[in-house]
Amino acid sequence: MAELREVRLPDIGDFEDVDVVELLVAPGDRVAAEDSLLVLESDKATMEIPAPFAGVVKEMRVAVGDRVSEGSLLAIVELEGAPASAEASPVAARPAPAAPPPLPRPAEAGTAAPAAAAESAGAGEEADDARLPGLVAKPPPAHASPSVRRLARELGVDLARVPPSGPKGRVRRDDVQGYVQAMLAGGTGAGVPVAGVQVSRPPEIDFARFGPTEIQPLNRVRRFAAGNLHRSWLSVPHVTQFDVADVTELEAFREGRRAEAEARGFKLTFLPFVLKACACALLEFPHMNASLDASGESLILKRYVHIGVAVDTEHGLVVPVIRDVDRKGIFALAEELARLSERARARRLRPEDLAGGSFSVSSLGGIGGTFFTPIVNHPEVAILGVSRMEWRPVHRDGAFAPRRILPLSLSYDHRVIDGADAVRFTSRLAALLADLRLLLL
């Protein structure tokens with residue numbers, strides 16, 4: 001008799017309660033090892049989950065709209081070969097655990113304001129209620145992942161007061177963001193503490209009084225991006241340094257290599273040169289390639305150069321990460337950038353494609369504009385904005401000559417980087433882009 005095996009969700013990184021958005025097989029379908037079974041969509045990416053072995057699908061234990069985490073039972077497959085993954089196990093040996101009953105959501109704290117002090121990482125330190133009169137007794141420490149605890153600290157939210165929606169009473173990222181939104185919408189005129197400051201609740205306006213309106217919900221990617229951008233803007237003291245680079249010779253060199261790149265199957269845009277110059281400059285300015293630790297008292301210097309590149313898609317802005325930019329050539333960077341951009345637009349980025357960035361670049365050159373103020377991708381400390389190149393008259397050797405000028409906009413965390421260092425960084429970046437030979441030194 002053929003053996004039945006369970007297929008459970010493997011480790012997919014720091015993701016919990018991921019939505020099932022598409023089933024790719026049905027009971028009775030024959031699958032080979034590594035064939036995709038279903039599609040999951042997290043806040044950051046869409047990912048396909050492959051079959052760990054060949055066989056015939058007997059049952060699908062999930063449906064579209066379900067939420068799954070590591071270890072969740074996905075399917076029962078009749079085995080046709082040796083299992084290729086420890087995530088598969090005999091059904092008889094490990095029956096599917098019964099789903100735990102939903103835990104009651106804690107009651108809201110009435111009119112009490114949330115604690116302004118953020119919860120310390122992993123320790124769950126108690127707030128001093130004597131300093132916050134009117135608070136009810138604090139509930140037990142909440143269950144939450146490190147990323148959710150970090151978000152709560154940055155927003156100034158007491159995790160113990162956030163109603164959980166995850167399994168076993170676990171607080172999810174959406175719970176924290178929803179709690180803040182609810183407090184902003186229903187709080188007192190004094191507002192609620194967000195990132196250590198009192199934020200007044202937004203006014204309620206009936207826009208339909210002025211003319212026809214339409215409600216268009218944001219998709220998951222845009223909602224997630226909105227939360228990240230809002231958190232970064234509130235928690236990072238932003239300053240933007242503007243500069244320009246003369247890229248006349250570089251643009252001529254790129255044009256001369258365009259045909260060779262197309263023969264290799266990809267386009268040679270200007271962005272790989274910007275990435276390479278950024279990598280070189282980051283090695284010279286290591287505090288630009290860093291993050292503040294949770295205490296805000298130490299700097300974590302990163303001995304790698306992984307640069308995130310903002311990609312505009314119809315679903316919203318995503319930032320895949322190109323690793324070890326300092327160790328790759330221009331053609332290798334161009335090819336990898338084209339591959340990641342294509343995967344981003346097809347919503348096929350993996351979680352690892354979006355993690356580990358130490359610096360970011362946002363290029364609007366293909367659209368237009370001059371200068372802009374990009375928002376730092378916290379916990380990074382700097383981001384470079386690149387705008388459209390244009391011809392400008394430049395006075396050289398006693399006369400004006402047409403030169404190709406590239407606008408640069410560097411936004412940075414002023415807690416880590418001061419204005420003088422920002423100018424030194426953009427000046428060095430402009431010099432590297434003006435003369436490619438400097439990249440060899």
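Trainee: Is the crossing of helix 5 and helix 7 left-handed or right-handed?
Mentor: In this predicted model, helix 5 and helix 7 cross in a right-handed way.

Trainee: Which residues make the contact?
Mentor: On helix 5, they are Phe273, Val274, Ala277, Cys278, Cys280, Ala281, Leu282 and Glu284. Helix 7 contributes Phe425, Arg428, Leu429, Leu432 and Leu433. By class, that contact has 11 nonpolar, no polar and 2 charged residues.

Trainee: And at roughly what angle do the axes cross?
Mentor: Roughly 135°, with the axes of helix 5 (residues 271-284) and helix 7 (residues 419-434) coming within 9 Å. The two helices are therefore oblique to each other.

Trainee: Switching to rings. How many aromatic pairs are there?
Mentor: The count comes to 6 aromatic pairs. In one of them, the ring centres of Phe266 and Phe331 are 5.8 Å apart and the planes stand at 75°, so this pair is edge-to-face.

Trainee: Where do Phe266 and Phe331 sit in the chain?
Mentor: Phe266 is in the loop between helix 4 (248-263) and helix 5, while Phe331 is in helix 6 (residues 330-345), 65 residues apart. Phe266 has 7% relative accessibility and counts as buried. Phe331, at 16%, counts as buried too.

Trainee: What about Phe285 and Phe425, how are their rings placed?
Mentor: Their centres are 5.7 Å apart with planes at 75°, so that pair is edge-to-face. Phe285 lies in the loop between helix 5 and strand 15 (290-292) and Phe425 in helix 7, so the pair ties together parts 140 residues apart in sequence.

Trainee: Are those two buried or exposed?
Mentor: Both Phe285 and Phe425 are buried.

Trainee: Which residues form an aromatic cluster?
Mentor: Phe253, Phe270 and Phe273 form one.

Notes:
Residues are numbered from 1 along each chain as its sequence is written. This is a predicted model: local features need pLDDT of at least 70, side-chain atom pairs count only at pLDDT 80 or more; totals for chains, interfaces and linings use all residues. Side-chain values use heavy atoms; hydrogens and water are left out. Axes are lines fitted to C-alpha atoms, for helices over the stretch in contact, and angles run from 0 to 180 degrees between N-to-C directions. Helices (H or I, at least four residues) and strands (E, at least two) are DSSP runs, numbered from the N terminus. Angles under 35 degrees count as roughly parallel, over 145 as roughly antiparallel, 65 to 115 as roughly perpendicular and the rest as oblique. A crossing is left-handed if the near helix is turned anticlockwise from the far one by less than a right angle, and right-handed if clockwise. Contact means heavy atoms within 4.5 Å. Ala, Val, Leu, Ile, Met, Phe, Trp, Tyr, Cys and Pro count as nonpolar, Asp, Glu, Lys and Arg as charged, and the others, Gly among them, as polar. Rings of Phe, Tyr and Trp (its six-membered ring) pair if their centres lie within 6.5 Å; planes under 30 degrees apart count as stacked, over 60 as edge-to-face and the rest as tilted. Buried means under 20% relative accessible area, exposed over 50%, partly exposed in between (1.4 Å probe, protein chains only).
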